[in-house]
Amino acid sequence: IGNRRVRTIILSIILLAYFIFATPYAAQYQATNSDLNDLPLSAGNLVCWATNLGTNPESSCEDFANAWAFVMSGALISIVGAIAAILLFIIPNCADKLGRVA
């Protein structure tokens, strides 16, 4: 696929597209588990335990919401990194700086 510059830009665009489409999926699960945690009488925890069979019965919906928030933060960091890589390789004077940073 051409030289290193073109290859890096194409792979960064593919990663950017993947994370842009995957982030709403994680956000939806995080919001759902957050909302279930707010149900009265621990009904939300019972629903979380029933829908996530095989996990620790003492885990709560808050644990699952925090895990999905962690996934979302990783996706957002990857989006910022992909945008930075694209910008550094598009600007001709900064093309080699990304290799030095890595």
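Analyst: We begin with a definition: the expected span of a helix is 1.5 Å times one less than its number of residues. Please keep in mind that this is a predicted model.

User: What span does helix 1 reach from its first C-alpha to its last?

Analyst: Helix 1 covers residues 4–37, which makes 34 residues. At 1.5 Å a residue the expected value is 50 Å, and the span in the model is close to that, at 48 Å.

User: At which residue does helix 1 bend?

Analyst: The bend amounts to about 25 degrees, and a proline, P24, follows within four residues of the place concerned. The residue at which helix 1 bends is A22.

User: Is I10 buried, partly exposed or exposed?

Analyst: I10 has its place in helix 1, and together with V6, L11 and I14 it forms a nonpolar patch on the surface. Buried means under 20% relative accessible area and exposed means over 50%. Because its relative accessibility is 35%, I10 counts as partly exposed.

User: Which residue forms a stacked aromatic pair with Y29?

Analyst: The centres of this pair are 5.0 Å apart, with 15 degrees between the planes. Because Y29 lies in helix 1 and its partner in helix 3, the pair ties together parts that are 39 residues apart in sequence.

Notes: Residues are numbered from 1 along each chain as its sequence is written. This is a predicted model: local features need pLDDT of at least 70, side-chain atom pairs count only at pLDDT 80 or more; totals for chains, interfaces and linings use all residues. Side-chain values use heavy atoms; hydrogens and water are left out. Helices (H or I, at least four residues) and strands (E, at least two) are DSSP runs, numbered from the N terminus. The bend at a residue is the angle between axes fitted to the seven residues ending there and the seven starting there. Patches are made of residues with over 30% relative accessible area and no salt bridge: like charges are joined within 9 Å, nonpolar side chains (Val, Leu, Ile, Met, Phe, Trp, Tyr) within 5 Å. Accessible areas come from the Shrake-Rupley method with a 1.4 Å probe; for residues, only the protein chains shown count as cover. A salt bridge is a side-chain nitrogen of Lys or Arg within 4 Å of a carboxyl oxygen of Asp or Glu. Buried means under 20% relative accessible area, exposed over 50%, partly exposed in between (1.4 Å probe, protein chains only). Rings of Phe, Tyr and Trp (its six-membered ring) pair if their centres lie within 6.5 Å; planes under 30 degrees apart count as stacked, over 60 as edge-to-face and the rest as tilted.
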